[in-house]
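Visitor: I would like to go through this model with you, taking it piece by piece. Could you begin with the terms on which the answers will rest?

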Amino acid sequence: MNSSHLNIKNWTRHNLREWFQNNQKSSSGNQSYRADQVFNWLYQKRAQSFDQMLNIGRETRKMLEENFYISSQKIADSLHSQDGSIKYRILLEDGNSIESVFLPHKNHNTICVSSQAGCGMGCDFCMTARMGLIRNLKPAEIIDQVFTVLQELKENKKIRNIVFMGMGEPFHNYNNLMQALEILTDEHGFNFSHRRITVSTSGLLPKIRRFGQEKIKANLAVSLNGVSDEVRTKLMPVNKAYNLEKLIKACSEYPLESRKRITFEYILIRDLTDSLQDAKGLIRLLHGLKFKINLIPYNSTADGKYQAPSPQQARRFQKYLLDHQIVAPLRISKGQDIQGACGQLAVGAE
Ligand code: SAH
Ligand code: SF4
């Protein structure tokens, strides 16, 4: 490979099909199904080289080799938590690193992926924010995280969910996110169900609206974290541009598939967001929406700026919601001991 080669995993099957149509010699007729075969080799058989693609003619393989390469990622290090979750630091081609987390559950497993190196949203409680935005990830860099983690796991673990809750604001990298989703869900490729993919946003309204209109209907999660503009703006600068009223309106207009709902993530921070008044405010705010709430007790960061709620208060908060028939799992934070929990992902910023 030389630097003029293109990373084939940045290409959707549709793009690749066009490429074949434009590049096949006229004598070979319509060969657009080649794109289907290549996808199968890349994402089902996880081929590492074009030589392996045996049902594709030698000429075509040569042509692919002259133009493309197949990327793979290196794991720089990994941290294993007592609860079984594993945080991987993955090295990108340009020397930057990102993090992906494997989260085992009783009956299923989840992979949490990053969409950017760093993040530019500046949330006050979040470790990734301290890095600032380094750059957007390419589609290949997003999807490779899934394959890198799968390959690294010793036993053959099945993944039920992919969540975009690692580093970065996925909607700040919208086009690459959508291409990555297209590739992951492609029936000729990895064929992962869009119903088991969740994209979490800090609340970029125009992109929430656009996401609702997409053909690929992945699940939407919104990081709420505060029930008044005052508190939410303090925690999340994005609230200045898109305040709670606008955010909730956009959520109420969001087209949901049947039996689906929006997930709101709500961080419980001691004496700031964890009172029963807040719980009441939450119910009032979300009234009329189809939703569930993921309660995330704040994971303390090194600076000690905010505190985790007491376990009793977290339970009280949850009980208040449950008593009002609201689905509100209290996410016992995974990977606390390895700083691999949500919002603790940062490289070199600890
Ligand atoms: N940028 C996207 C997705 C990644 S952040 C977003 O903000 O939605 C994933 C989740 O981790 C968000 O819901 C965020 O509110 C939460 N989070 C960030 N820092 C945290 C911390 N220190 N403790 C607990 N949750 C945190
Ligand atoms: Fe970025 Fe999400 Fe962290 Fe906010 S919470 S800084 S949007 S990663």
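Guide: A residue is called buried when its relative accessible area is under 20%, exposed when that area is over 50%, and partly exposed in between, with a 1.4 Å probe and protein chains only. This is a predicted model, in which local features need pLDDT of at least 70 and side-chain atom pairs count only at pLDDT 80 or more, whereas totals for chains, interfaces and linings use all residues. Residues are numbered from 1 along each chain as its sequence is written, chains are lettered from A and ligands numbered from 1 in the order in which they are written, and side-chain values use heavy atoms, with hydrogens and water left out.

Visitor: Is Phe-291 buried or exposed?

Guide: Phe-291 has its place in strand E13, where helices (H or I, at least four residues) and strands (E, at least two) are DSSP runs numbered from the N terminus. Its relative accessibility is 12%, and therefore Phe-291 counts as buried.

Visitor: Which residues is Phe-291 in contact with, leaving aside its neighbours within four places in sequence?

Guide: Contact here means heavy atoms within 4.5 Å. With the neighbours within four places in sequence left aside, the residues in contact with Phe-291 are Arg-261, Ile-262, Phe-264, Leu-286 and Ile-326.

Visitor: What separates the C-alpha atoms of Asn-299 and Leu-268?

Guide: Asn-299 is placed in the loop between strand E13 (291–297) and H11, and at 6% relative accessibility it counts as buried. Asn-299 and Leu-268 are 31 residues apart along the chain, and the separation of their C-alpha atoms is 9.2 Å.

Visitor: Which residues does Asn-161 touch, not counting residues up to four places away in sequence?

Guide: Asn-161 is found in strand E9, which covers residues 161–164, and with a relative accessibility of 18% it counts as buried. Once residues up to four places away in sequence are set aside, Asn-161 touches His-108, Asn-109, Thr-110, Ile-111, Phe-192 and Arg-196.

Visitor: Are H10 and H11 roughly parallel or oblique to each other?

Guide: The axes, which are lines fitted to C-alpha atoms and for helices over the stretch in contact, with angles running from 0 to 180 degrees between N-to-C directions, come within 9 Å for helix H10 (residues 276–286) and helix H11 (residues 311–323) and cross at roughly 30 degrees. Angles under 35 degrees count as roughly parallel, over 145 as roughly antiparallel, 65 to 115 as roughly perpendicular and the rest as oblique. H10 and H11 are therefore roughly parallel.

Visitor: Are H4 and H5 roughly parallel or oblique to each other?

Guide: Helix H4 (residues 139–152) packs against H5 at an angle of about 45 degrees, and their axes are 8 Å apart. In this packing, Pro-139, Ile-142, Ile-143 and Phe-147 of H4 meet Asn-176, Leu-177, Gln-179, Ala-180, Ile-183 and Leu-184 of H5, a set with 8 nonpolar, 2 polar and no charged residues. The angle makes H4 and H5 oblique.

Visitor: Where does Arg-259, with its positive phi, lie?

Guide: Most residues other than glycine have a negative phi. Arg-259 is not a glycine, yet its phi is positive, at about 65 degrees. Arg-259 is exposed, with a relative accessible area of 72%, and its location is the loop between helix H9 (244–252) and strand E12 (262–268).

Visitor: Which residues are around ligand 2?

Guide: A residue is near a molecule or strand if one of its heavy atoms lies within 4 Å of it. The shell around ligand 2 has 6 nonpolar, 2 polar and no charged residues. Its members are Cys-119, Met-121, Cys-123, Phe-125, Cys-126, Ala-129, Gly-168 and Ser-202.

Definitions and conventions. Ala, Val, Leu, Ile, Met, Phe, Trp, Tyr, Cys and Pro count as nonpolar, Asp, Glu, Lys and Arg as charged, and the others, Gly among them, as polar.
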